[in-house]
Amino acid sequence: MTTKIPFDVQRVRADFPILQRTVHGKPLVYLDTAASAQRPLAVIEATDRFYREHNANVHRGVHTLSQEATDLYEGGRRRLAAHINAASEREVILTRGTTESVNLVAQSFLRPKLHPGDEILVTHMEHHSNIVPWQMLCEQTGAVLKVAPINQRGELELDALEAMLSERVQLLGVVHISNALGTINPVAEVCRLARRFDIPVLVDGAQAMPHTHVDVQALGCDFYCLSGHKMYGPTGIGALWAREATLEEMPPWQGGGEMIERVTFEKSTWNRLPAKFEAGTPNIAGGVGLGAAVEYLEGLGTDAIEAHENAVLTYATEKLAAIEGLRIIGTAAKKAGVISFTLGEIHPHDLGTIVDHYGVALRTGHHCTMPVMQFFNVPATARASFGLYNTVEEVDVLVDALERTRAMFQA
Ligand code: PMP
């Protein structure tokens, strides 16, 4: 089959130094972008330059380096805010990542509102980071966690979700793109349904940010959570987006430096947004690198990235489906660049270890989505995930490695 490649993937690959390396003497075939993306030179150099030339603590310093560091860090926030169409940078709280963003919403926004018997609704395909913080909150408050079902293709059952909406539901948590199944959820539609009952919606956008254009206002959600390292930026940095009015109403989450306006032993008052939610010295170089990652993605164009990844996904789905004994878990009509699968009776961990010897980096395990594994009645899957730098030739290497593994187990 001929696959139309919407942009020059070889030129893009040259932006990622790590893709030049070999593993076990073979060219690296990195198919684990859903766990953590590789970084382009633009991000590596932005953080390197920050440490070499501008490093200092942010916000409080009058000296030149501190002001430069503040400008660069806040520049990253501004760039991200514009990228997701936030109304202002005050709506973007920089966190450690998606997990911390969800915990922030759980403890600051929702905890003060909850009463015993209230409900929190999530879907069956959530990552643990959009399950466990709510479970902990239920234990703390007597609220109840409800789960909207999925079908055998790994799609959300929208009718069933709609039937679960009521005045009792105090928050709905939904993943934009599933890291385990690749399913793209109809998030705008979910938000529309939830609005009928005034239910705030939190979207886990960890996988969506690198793959597609995210416009938080167009989605109609209340909270959007993201991670830098999934979108070709550094680890340890991410963000929570929420409307300014919502954030103004929320109490601070962690106490310490940065988040205060004035402190006495009798009483402290809080800083303005977004600092109110950013206690302590932040991940400054991370913020700088995140800004560089956004700039990089915008330079390539999110439409072109999406089209390229879709082309690779279509090719890979066809090729993998043709392998004898291979079962694809997650066959939603709308999918992003993730293929979870099992191969005959071969344990995914064995599979992952063997294909590593062909240079192929796959993720194996439960992908922090144990309930998804339970639903499909598998202990684990192998997962190939595709980023903007992957090629159809790399898919061929994967297919060849899988065929060889299958033959080995048959012998
Ligand atoms: N949600 C999804 C869909 C994810 O893929 C991940 C990371 N695997 C997370 C949440 C958690 O992200 P982080 O570890 O960066 O907080």
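You're looking at a predicted model, where local features need pLDDT of at least 70, side-chain atom pairs count only at pLDDT 80 or more, and totals for chains, interfaces and linings use all residues. Numbering runs from 1 along each chain as its sequence is written, and side-chain values use heavy atoms, with hydrogens and water left out.

Start with everything selected. The C-alpha atoms fill a box of roughly 75 × 55 × 35 Å along the principal axes. Switch to cartoon and you'll have 14 helices and 17 strands (DSSP runs numbered from the N terminus: H or I of at least four residues for helices, E of at least two for strands). Among contacts (heavy atoms within 4.5 Å) between residues at least 6 apart in sequence, 71% join residues at least 24 apart.

Now select 64-83. That's helix α3, with 20 residues, reaching 28 Å from first C-alpha to last, close to the 28 Å expected at 1.5 Å a residue (the expected span is 1.5 Å times one less than the number of residues).

Next, show side chains on its buried residues, among them Ser66, Ala69, Tyr73, Glu74, Arg77, Leu80 and His83. What lies over them? Bring up α2 (41-54), α10 (284-300) and α11 (302-321), plus the strands β4 (92-95), β9 (223-227) and β10 (238-242), which are included in the cover.

Definitions and conventions:
Buried means under 20% relative accessible area, exposed over 50%, partly exposed in between (1.4 Å probe, protein chains only).
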